[in-house]
Amino acid sequence: MKLKELERPAVQVWSPASQCPVYLATGTSAQQLDASFSTNGTLEIFEVDFRDPSLDLKRKGVLSASSRFYKLIWGSFGNGLLEASGVIAGGGNNGMLTLYNVTHILSSGKEPVIAQRQKHTGAVRALDFNPFQGHLLATGASDSEIFIWDLNNLNVPMTPGSKSQYREQPPEDIKALAWNRQVQHILASAHPSGKAVVWDLRKNEPIIKVSDHSNRMHSSGLAWHPEIATQLVLCSEDDHLPVIQLWDLRFASSPLKVLESHSRGILSVSWSQADPELLLSSAKDNQILCWNLGSGEVVYKLPTQSSWCFDVQWCPRDPPVFSAASFDGWISLYSVMGRSREVQQIRQADKISSSFSKGQPLPPLQVPEQVAQASLIPPLQKPPKWMRRPAGVSFAFGGKLVTFGLPSTPAHQVPQPCLRLVFVSQVTTESEFLRRSAELQESLGSGNLLNYCQNKIELTSLQSEKMLWQFLKVTLEQDSRVKFLKLLGYSKDELQKKVATWLKSDLGLGESPQSEGDDHSNRQQVFCSQASKHITEEASASSTFFDELVPQSMTPWEIPITEDTDGLLSQALLLGELGPAVELCLKEERFADAIILAQAGGADLLKQTQECYWAKKKSRISSLLACVVRKNWKDMVCTCSLQNWREALALLLTYSGPEKFPELCDMLGMRMEQEGGRALTSEARLCYVCSGNVEQLVECWAKCHQASSPLALQDLMEKVMVLNRSLELLRGPDGVSSGPATTYRVTQYANLLAAQGSLATAMSYLPRDCTQPPIQQLRDRLFHAQGSGVMGQQCPPFPFPRVVVGATPHSKETSSYRLGFQFSHQVPTPSLRPRIFTPLVTPLTPSHSSPYQSSRMHNISDYGSPGPQAAQPLPLGPGVRPGPQDSLKNAPVPRTNLQRKKLPETFMPPAPITTPVMSLTSEPRGVLSSQPSVPGVGHAPPGAPGELSLQQLQQRPPEKVERKELPPEHRSLKISFDKLLRRCSLSATDLKTKRKLDEAAQRLECLYEKLCQGTLSPHVLAGLHEVARCVDAGSFEQGLAVHAQVVGCSSFSEVSSFMPVLKAVLTIAHKLHT
């Protein structure tokens, strides 16, 4: 593709690779004359800006020259100086050599001519700067003269060889000079006789001469291999032998390769420094070719030019760009990364149109098609070396880092075939995380978790964390409830000591002194003040004190018969009316008498008496007494003050039965999360430890840690694993199952371990009975990534559905029908539920069609051959197309969990659809796709046996697939979202919002279907539950943040059916709430 062009009859040279921006210098050619026949010379410097879409070059400097040029060369001498852009050397007539300071030309300031020397005889046609020592310049002219100039001292140039060596052969012109690209003291010269002389400047003599035995080579160009020091190319300008020869000086008897694709003599060659396999050549056949020297093929061909191109040069800084100077007075810049030149043609046409438009836009240019095709330039057939990555790095599964790089040694020193090394390294970034994980794994393996928990208690500084680890340690011990009470600050031994001390203090203040050493006598006086005072010490110590008590003297007692309260009470007792007697006692606030009488009257009377007592007697302790007596612990959990959560937990530990205890602890913990602050949320974890609810413990941790770091996740896994092990000891290995939140965190933990290289440890944490696809896929990757480390272990099941690839046998008629046509029948009809549907498939005739009981479109093309009788309607799952019976047997199981109904043994495949399906309902136009019928296929006439009429089809009730009930753990999602929709509908005022909410209610059915089928990944389920909790709490902004996090780490196909509408509902709720 042409990038730039310049109309100048000039020779050219690129700026060095170190120069930025890129410049192109041109000097008036001594071999060309323009129409004015002027012999003046000009040296110009142009900036090459490829960001400019135009073809023009920007001139940055111009200088009049005393003579015209045969050759220009741009060296980097002086580039180390401030604002230095190098030196341009120009070879002219009469042996003139001129050196120019590029910086002065560009600035138009000081004198740009550094020096002029006229040592040569004849025209100076060959110039080259030494690539290693920029101050050395080689020049060649007539009479086989070669001078080596030192720019630091231009007075006396060096001449390689002696005069006797020149006299051995007749003198001839020097066509080209080139310094070796690898060895700094090697110089080669090309001569018209077809030979090339290689000079060793250390020895100051030629070391080898290369020439073709045919003596028909007329050398016009020379170039050294950029990487292999002993190889060079020669080109011939003889029209009878237009070849390029590749020589290796180690075998100089004949060329290694001969490139023959030009039809006339070759004028110049240029070897790419960026890719040694690419060589440019231009010839008298008006062609510019790019060769691949490895294969000897032409890999790029520029369209035929209008005249000869006498010089081609690669751009040193931009590898795909090269310049070409032709005898018609044009210098063009091209790129070998070819593409269509249509854009340039349009720009050129617009430029011309702007000159002829006269203010009115011209009609668009219609370019003939054949012209557009001719403008296509094929790119390189092989990617060039500069596009090859010199190095690469990529992370692999298991914390592996894969790196590669090109060899640092030169290409000619690399052995063939070259071995490209790929390095695989293990990357570990979380050393503390791995250390703690190894400690946990060792403790789990040895079963020594008590010491592990004790170490955690000693190392933890936070009181809340210390208490949590103490609770976790107790779960591994016997009598856990008693020890839980001790940790909460309640001990039976301590209570007995406190009560005894309190009683002693009360007795010291009494009116009846007793001996200090007789504790039993003191207790007797307190509780039995009306008993005899003459009781022996042995009787008072007996456990049957009141049975063995024999009074020394008995006082006769009377039964009151008065009309006061005591008399009425006596009468009630004499008649056995315990109920009225209890009421009299309660009225007189004789509560002790009432309780004693109620015990004699039965359980119902006692319960009524207790209720009346609690209603009349209000104290600080009455509510606690009521809870202990009633044993209504659920009300206690829901109504007690959260400041007394420890006391509430102690009551549950003391009185609650093993069946209700876990549920009550979970209720207390959830209430602490919802109604308490961050501190109570952290303390709620103790309730979940007591109940053994790992799932709630994980969810509570997630609330306290919004962004989980590796060490925070390690801390969670330590607690989860210890609690799981205690549950296994209590219930057995089969009695412990992981919920979605726990599974998600365990999977996250296993992924993190795998990323650090602990593959075996990561695999041991994965739940074995989990069938969720992400878990199975991770287990499969971990198993195969370990290689020989899992020898002898059973391979996990393949985590992906297997698809049988291959053609299903069909009848000839059906096969020919399918090869010729494929119809798309789309007949939607309303169904009872928008997301529950069953395709109804029946044979169709030209005048009859069958509706689909579905709200979606289906393409029906796979059918077997028609049978003698009509097939019965076959309900299929979503996304399953009916087909031949054997293909149904071999078809892969779809991802949904809906099962196909078993086919009857006499099932016949339905007839193929060969007619357009007509609209049976009032649907909009354009929904149905009408196709012509296929000729040559027989059909049964309307009303034939086994066919259903149109009226019968319309009267048939639609079949409905019963949706499974939501799993219990996910029902809260539907309750929360339905409640939110109702609240938003009641609050919304405009019809547009109400319509959006109605549509959202239908779209959320997709979510409920996926929940029934169990196809959602653990992190999506955990995110949905977190969104539901935010909705219940009224924190819609946080719910949107959780929604964005879930969508960001989920696959589009998994959440695209319900997540957008959920976001819309949350946004509406947030606006209505604010």
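Aspartate 143 counts as partly exposed, because its relative accessibility is 44% and the partly exposed class lies between buried, under 20% relative accessible area, and exposed, over 50% (1.4 Å probe, protein chains only). Aspartate 143 lies in the loop between strand 11 and strand 12 (146–150), where helices (H or I, at least four residues) and strands (E, at least two) are DSSP runs numbered from the N terminus. Its phi is near 55°, a positive value in a residue other than glycine.

The structure is a predicted model, in which local features need pLDDT of at least 70 and side-chain atom pairs count only at pLDDT 80 or more, while totals for chains, interfaces and linings use all residues. Residues are numbered from 1 along each chain as its sequence is written, and side-chain values use heavy atoms, with hydrogens and water left out.

The protein has 36 helices and 31 strands. Of its 1074 residues, 43% count as buried. Contact means heavy atoms within 4.5 Å; among the contacts with a separation of 6 or more, 55% join residues 24 or more positions apart.

Asparagine 94 is found in the loop between strand 7 (87–92) and strand 8 (96–101). With a relative accessibility of 57%, asparagine 94 counts as exposed. Leaving aside neighbours within four places in sequence, asparagine 94 is in contact with Gln118, His120 and Gly122. The C-alpha atom of lysine 119, 25 residues apart from asparagine 94 along the chain, is separated from that of asparagine 94 by 8.9 Å. Another loop, between strand 2 (10–14) and strand 3 (23–28), holds proline 21. The peptide bond that leads from cysteine 20 to proline 21 is cis, with omega near 5°.

Strand 11 (residues 136–140) also belongs to a hairpin with strand 10, with six residues between the two strands. Two strands pair if DSSP finds at least two bridges between them; strand 10 and strand 11 pair in the antiparallel sense over four bridges. In this pairing, leucine 127 stands opposite threonine 139 in strand 11. In a regular strand the side chains alternate between the two faces of the sheet. Both faces of strand 10 (residues 126–129) are covered, with Ala126 and Asp128 buried on one side and Leu127 and Phe129 buried on the other.

An open sheet of four strands has the order 1-28-27-26, with antiparallel pairing. Its edge strands, each pairing on one side only, are strand 1 (2–7) and strand 26 (309–314). Neighbouring strands of this sheet are turned by 15° against each other on average, direction ignored; axes are lines fitted to C-alpha atoms, for helices over the stretch in contact, and angles run from 0 to 180 degrees between N-to-C directions. Strand 26 pairs with strand 27 (residues 321–326) in the antiparallel sense over five bridges, and aspartate 311 stands opposite alanine 325 in strand 27.

Strand 20 (residues 244–248) contains glutamine 245. Glutamine 245 is buried because its relative accessible area is 4%. Its side chain makes a polar contact with the side chain of tryptophan 247 at 2.9 Å; such a contact is a pair of N or O atoms within 3.5 Å, where within protein one must be able to donate a hydrogen and the other to accept it, and residues adjacent in sequence count only if both atoms are side-chain atoms. Not counting residues up to four places away in sequence, glutamine 245 touches Asp212, Met217, Leu232, Val233, Leu234, Pro255, Lys257 and Val258.

Turning to the helices, helix 19 (residues 645–655) has buried residues that include Trp645, Ala648 and Leu649. Among the elements that cover the buried residues of helix 19 are helix 7 (463–475), helix 8 (480–487), helix 20 (661–675) and helix 21 (678–691).

The axes of helix 31 (residues 991–1003) and helix 36 (residues 1059–1073) come within 10 Å and cross at roughly 140°. In the contact between these two helices, Thr993, Lys996, Leu997, Ala1000 and Arg1003 of helix 31 meet Val1061, Val1065 and Ile1068 of helix 36. The residues of this contact divide into five nonpolar, one polar and two charged, where Ala, Val, Leu, Ile, Met, Phe, Trp, Tyr, Cys and Pro count as nonpolar, Asp, Glu, Lys and Arg as charged, and the others, Gly among them, as polar.
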